[in-house]
Amino acid sequence: MKKIFTKEAKIGIVSIISLALLYFGINYLKGINLFKPANHYEVIFTNVKDVTVSSPVFVDGFKVGLVRSLSLDYQTLDKITVDISLEKEMRIPKGSYITVSKSFLGGAELHIHLNKYVSDYYTPGDTIEGRLAPDIMGTVEKEMLPQVVNLLPKIDSIMTGVQMLLNHPALAQSFVNIERTTANLEKSTNQLNGLLLKDVPVIVSNLKTVTNDFAAVSSELKGIDFNRTFNSINATLDNLKLTTEKLNSPENSLGLLLNDKQLYENLNSTADNASKLLLDLKQNPKRYVHFSVF
């Protein structure tokens, strides 16, 4: 019986199957699913640094496709065409563009910036505008470095002024004054601590004694019958008022003595005559005293 497959046919079939498995395996490792429907678009860039085959394509952070191939226009040498494969459901509105940006893990990735204000879409195979995302290092080099260079002379002047300020004798004297002030503050603090440790307890003890005395006096005052005391004071004031009225009244002897002007003048005249009599007696004693021996 003649064999259907010869040895050479079997070897050819195995080789074909092996090559097919190798092709599908390599694409699978690249993230390309050959069995999943996809749309292809071309993106034109002037620089695709770090972009490789199978670099991811994102929309608002969500992965929607991969880079399938890159090709350089050798005629102009300023145009690079990137073929991207997007999921079948992913549609790109006209006016959208794609940028290349560095990824945190190395390499590069493509980001689609959708024009959400139109309802007209690119068809698969169309060419989409490509742009380079702002590079942080490039921005620093182009914008910040010139400003830093312009600032260098000013910084040099500032450093010169600071050096002159540091070398000025007044600054050294200020440090000496600060040190002296700190020493005085430390001394005052020590004195205050001594006061708090020695004098304050004595003051507190004295205040406690005074407080106790006030408490005792308050207890004694609490036991006093203030109504009776005030009544006694009022009675005494009434008696004093009555006495004063009697002294001012001319109807009694003491009142006449205090209020009779004529009596006052007579008493004053009598006192004056008595004073003159005593003076004359002192100056002329013989006029009033007579001595007789026999």
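Predicted model: local features only at pLDDT ≥ 70, side-chain atom pairs only at ≥ 80, totals over all residues.
Okay, let's start inside. The largest nonpolar core is made of 22 residues, and I84, L86 and L110 have the most contacts inside it. The largest share, four residues, comes from β4.

Have a look at L110 if you've got the structure open. Leaving out residues up to four places away in sequence, L110 touches a whole list, including F45, V57, V67, I84 and V100.

Now, the salt bridges. The count comes to four. One of them joins the side chains of D60 and K116, at 3.8 Å from N to O. D60 sits in the loop between β2 and β3, and K116 in the loop between β6 and β7 (127–132), so this pair ties together parts that are 56 residues apart in sequence. Are they buried or exposed? Both D60 and K116 are exposed.

Another one pairs E129 with R131, at 3.1 Å from N to O. E129 counts as partly exposed because its relative accessibility is 42%, and R131 is partly exposed too, at 36%.

Last stop, the surface. V217, L221, F226, F230, I233, L237 and L240 make a nonpolar patch of about 640 Å². Two helices, α3 (169–223) and α4 (226–248), each give two or more residues to that patch, and α4 has the largest share, with five. L221 belongs to α3, and at 41% relative accessibility L221 is partly exposed.

Terms used:
Residues numbered from 1 in each chain as written. Heavy atoms only, no water. Patch = residues over 30% accessible without salt bridge, like charges linked within 9 Å, V, L, I, M, F, W, Y side chains within 5 Å. Areas by Shrake-Rupley, 256 points an atom, 1.4 Å probe, with all protein chains shown as cover. Buried < 20%, exposed > 50% of the residue type's maximum accessible area, 1.4 Å probe, protein only. Core = buried A, V, L, I, M, F, W, Y, C linked by side-chain atoms within 4.5 Å. Contact = heavy atoms within 4.5 Å.
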